[in-house]
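Please keep the structure open while you read, and look up each residue as it comes.

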Amino acid sequence: VSNPEFLKEGEAVADAFFPERVVIGSDSERATNLMKELYKPIISQDFEYASSNSKKKEKVPIVITDSTSSEMIKYSSNAFLATKISFINERANICERVGANILDVTYGMGRDSRIGSKFMKAGIGWGGSCFPKDVRALFFTAEEYGVPASIINSVIQVNNYQRYKVIQKAMDVLGIIEDKIICVLGAAFKPNTDDTREAPSITVVNKLIELGAEVRVFDPVVKAPPPEMDNKAIFLPDSYSAAENADLLILVTDWPQFLKIDFSKIKTLMKSANIIDGRNFLNRKDLVSMGFNYKGIGL
């Protein structure tokens with residue numbers, strides 16, 4: 001039996017009890033029936049925890065297929081979501097050149113029910129354990145079987161490029177990076193997890209250090225450099241100490257806690273009031289009115 005999971009990091013418990021679908025792949029009728037019996041309470045949403053939970057569904061769809069197809073559903077689902085992110089990031093880069101606003105573009109696109117707004121948020125790119133692994137697996141499988149996978153290859157290339165967009169923006173703002181102090185907000189690849197596997201922060205921090213910057217990092221849960229990150233990165237206990245005397249602040253992870261930062265205080269602490277918002281997460285209008293030199297993605 002192939003029974004792929006579709007659990008989002010930070011939301012795995014809810015996804016386990018209230019999935020959008022259950023996929024069972026098997027060539028054995030007996031095995032399939034056993035799996036259907038196992039999932040019966042989930043599919044019917046008939047269990048105590050569901051009775052008072054707002055996420056309870058009427059009924060969970062079940063997909064019965066062969067094992068190879070079930071695996072392809074898993075890989076293709078993650079690859080498609082990664083494709084949406086890379087697509088909108090590529091649009092954001094075009095918006096910057098032609099003078100369009102990616103926030104308005106994505107809002108307008110998202111009103112189309114065929115497109116939707118999920119995973120259509122321009123930024124620094126995707127990371128984590130699932131998307132990189134599954135996208136590469138799909139690409140290598142296609143290569144192994146002699147099938148062109150140009151879309152998936154482009155998705156990977158755009159994502160790799162997007163991380164260096166932030167470095168380029170830093171160079172545009174500061175000129176020479178060497179001897180500059182740069183505050184980085186966020187190390188985890190996304191909020192509500194301490195997972196730093198293939199996190200954009202690693203690429204950004206390592207490149208800034210390579211260029212000679214002193215990099216100070218604050219993340220609400222990641223308190224030390226992950227193994228792949230240059231250990232010269234200085235992890236500090238709060239955003240204010242990380243921003244002290246900084247020439248530039250770069251937001252890498254869109255933690256909700258960062259919306260509560262007193263940026264008027266941050267401005268008094270920084271040497272130069274420069275912000276690069278790698279997630280288009282902060283309030284641009286407010287920051288500009290405070291006197292920050294604000295740079296987003298696709299704006």
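1. E96, K165 and K169 are joined in a network of salt bridges, a salt bridge being a side-chain nitrogen of Lys or Arg within 4 Å of a carboxyl oxygen of Asp or Glu. Across the whole structure, the search finds 12 salt bridges. Please bear in mind that this is a predicted model, in which local features need pLDDT of at least 70 and side-chain atom pairs count only at pLDDT 80 or more, while totals for chains, interfaces and linings use all residues. Residues are numbered from 1 along each chain as its sequence is written, and side-chain values use heavy atoms, with hydrogens and water left out.

2. Which parts of the chain does the pair K121 and D254 link? The side chains of these two residues, K121 and D254, meet in a salt bridge at 3.2 Å, N to O. This pair links distant parts of the chain, since K121 is in the loop between α6 (102-110) and α7 (130-144), whereas D254 is in the loop between β6 and α11 (263-269), 133 residues apart. Helices (H or I, at least four residues) and strands (E, at least two) are DSSP runs, numbered from the N terminus. K121 counts as partly exposed, at 45% relative accessibility, while D254 is buried, with a relative accessible area of 16%; buried means under 20% relative accessible area, exposed over 50%, and partly exposed in between, with a 1.4 Å probe and protein chains only.

3. Two further salt bridges deserve a look. The side chains of D134 and K133 meet at 2.6 Å, N to O; D134 counts as buried at 0% relative accessibility, but K133, at 44%, counts as partly exposed. In the salt bridge between E90 and R91, the N to O distance is 3.0 Å, and here E90 is partly exposed with a relative accessible area of 36%, as is R91 with 21%.

4. Helix α9 (residues 200-210) is mostly covered, with eight of its 11 residues buried, namely P200, S201, I202, T203, V204, V205, L208 and I209. What do these buried residues of α9 pack against? They pack against α8 (150-174), β3 (181-185), β4 (214-218) and β6 (248-251), and just after the helix G212 takes a positive phi of about 100°.

5. If neighbours within four places in sequence are left aside, L208 is in contact (heavy atoms within 4.5 Å) with I167, A170, I177, I182, V184, A213, V215 and I250.

6. L138 is found in helix α7 and counts as buried at 15% relative accessibility. Not counting residues up to four places away in sequence, L138 touches M72, Y75, S76, A79 and I152. L138 and N78 are 60 residues apart in sequence, yet their C-alpha atoms are 9.8 Å apart in space.

7. E228, in the loop between β4 and β5 (234-235), is partly exposed, with a relative accessible area of 48%. With neighbours within four places in sequence set aside, E228 is in contact with I202 and N206. For E228 and N206, the separation is 22 residues in sequence and 8.8 Å in space, C-alpha to C-alpha.

8. Turning to the rings, the count comes to 10 aromatic pairs, where rings of Phe, Tyr and Trp (its six-membered ring) pair if their centres lie within 6.5 Å, and planes under 30 degrees apart count as stacked, over 60 as edge-to-face and the rest as tilted. W126 and F131 form an edge-to-face pair, 6.3 Å centre to centre with 75° between the planes, and both W126 and F131 are buried. Ring pairs also link F17, F18, F47 and Y49 into a cluster. Y49 has its place in helix α4 (residues 48-51) and is partly exposed, with a relative accessible area of 42%.
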